[in-house]
Amino acid sequence: MERRLPGILAVALCAVTAQGQPSKPPVLDALEQWGQWRGPLGTGEAPKATPPLEWSEKKNLQWKTPIPGHGHASPIVWGDKVFVISAVAHGEKLAVPEQPAGAHNNLDPEKMTRFIAMALDRETGKPLWQKILRNAQPHQSAHESGTWASASPVTDGERLYAFFGSNGLYCLSTKGELLWEKDFGDMLVKHGHGEGASPALHEDTLVVNWDHEGDSFIVALDAKTGKERWRQARDEVTSWATPLIVKVDGKPQVIVSGSTALRGYDLATGKILWSCGGLSNNVVASPVAANGILIAGSSYVRQAMLSIRLSGAKGDLSGSDHVLWARRQRTPYVPSPMLYRGHVYFLRHYQAILSRLDAKTGNEPSGPFRLPGLLNLYASPVVAKGRIYLTDQTGATLVLDDGAEPRVLALNKLDEAINASAAIAGQRIFLRGSHHLYCLGED
């Protein structure tokens, strides 16, 4: 498998005509954008960015813009715009719909909610537009640590895709014009703990994973029109895993983690190409891949991580030599792994303990490393310029170098809780707090 960029990177920023159709765009360097959760390579790396080392509420703060409502969806960046989505509760309290068995530590959907997408000017943070996409009472609760806007948007520079799970999938122009929308029904999430799998985009195909306690499926849509191309049933219960699209043996595959199996699908047809068991229940972390190696992990009740050689993978890979290595300790739960310079980095469950493994062999010559100054983390790690950025739920970000014994470079603190993963583009890092979107960079 060659290391190929996701399809969103092949499309440049477009102007949109009055008819809503894209015109010929100026070409942007795809590797300088952050058009999807986990960045341009899908690995957590910003390969051409030079973000700041230090910041605070007073230092290297370029702008700080209020974001209405709540959401753990990560910001994305393309060209001169930053895009975010949010859920804004409003009005009087309503009767709460009956919640599923086992619900605990949940937020009840007590009010009507506006599901919104918005764009901000990248340089100034000034809001450019805001679009209400739906106004409804959520049918199900979310965990107290979650929101009703936790799936991150994705863009190809022409169109923005905002996904709110049971509250709809929406395609907009980058000027905020609604182009099409799709309703897949109501998801029945285990314990009513909320929804969070982000859509994945490759060229003109958009993929949505719909794992829940009902009839689970994965679906591929025409990204321009929303027309369904294929739908494949999944023998899975609730997961929160975002699909990963990679090129294997010359053809793009969609790879999705699940409690029953990790699976690879042909992007063109939806055919299941291979599967491999071995992950745990309640899969949240999404897989990563580079140089023909896929790594997927999970952690709930039991811990599991697998590495798979993708070239030639067919059928059931469980126990085969396509499984390069496996481990059963310190594996990730909420934050996804990160790949960088031949190593995979991941957190134990969602605690401040970092492991660093050789991606090919799974060997761990040093570590694990306790992360000073951090508490629990929901945000996935990101990296640029040899610096690893780890942000915890209190708003603290620890910056490490990528050495065999990672060295602390800085510990930065903001005044808001942070659960969304960072976005990095150019000389800036963008962090979504509980009330504001921060743009941080050296003057």
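Is Asp401 buried or exposed in this structure? Asp401 is buried, with a relative accessible area of 15%. The close-up views described below are taken from a predicted model.

**View 1. Arg407 and Asp401 form a salt bridge.** The closest N and O atoms of Arg407 and Asp401 are 3.3 Å apart. Asp401 counts as buried because its relative accessible area of 15% falls under the 20% limit. Side chains of opposite charge can pair when their charged atoms come close.

**View 2. Glu364 and Arg330 are joined by a salt bridge.** In this pair, the closest N and O atoms lie 2.3 Å apart. The bridge links distant parts of the chain, as Glu364 and Arg330 are 34 residues apart. Glu364 is in the loop between strand 27 (353-358) and strand 28 (369-370), while Arg330 is in the loop between strand 24 and strand 25 (338-340). Arg330 is buried, with a relative accessible area of 13%, whereas Glu364 counts as partly exposed at 25% relative accessibility.

**View 3. A salt bridge connects Asp321 with Arg309.** The closest N and O atoms of Asp321 and Arg309 are separated by 3.6 Å. Distant parts of the chain are again linked, the two residues being 12 residues apart. Arg309 belongs to strand 22 (residues 302-309), and Asp321 is placed in the loop between strand 23 (315-316) and strand 24 (323-327). Asp321 is exposed, its relative accessible area being 59%. Arg309, at 32% relative accessibility, counts as partly exposed.

**View 4. Pro199 is a buried loop residue.** Pro199 is found in the loop between strand 11 (178-182) and strand 12 (200-202). The relative accessibility of Pro199 is 6%, so Pro199 counts as buried under the 20% limit. Leaving aside residues up to four places away in sequence, Pro199 touches Ser152, Val154, Phe163, Leu206, Val207, Val208 and Thr242. One of these contacts, Val154, is 45 residues from Pro199 along the chain. The C-alpha atoms of Pro199 and Val154 are separated by 7.1 Å.

Methods
Residues are numbered from 1 along each chain as its sequence is written. This is a predicted model: local features need pLDDT of at least 70, side-chain atom pairs count only at pLDDT 80 or more; totals for chains, interfaces and linings use all residues. Side-chain values use heavy atoms; hydrogens and water are left out. A salt bridge is a side-chain nitrogen of Lys or Arg within 4 Å of a carboxyl oxygen of Asp or Glu. Helices (H or I, at least four residues) and strands (E, at least two) are DSSP runs, numbered from the N terminus. Buried means under 20% relative accessible area, exposed over 50%, partly exposed in between (1.4 Å probe, protein chains only). Contact means heavy atoms within 4.5 Å.
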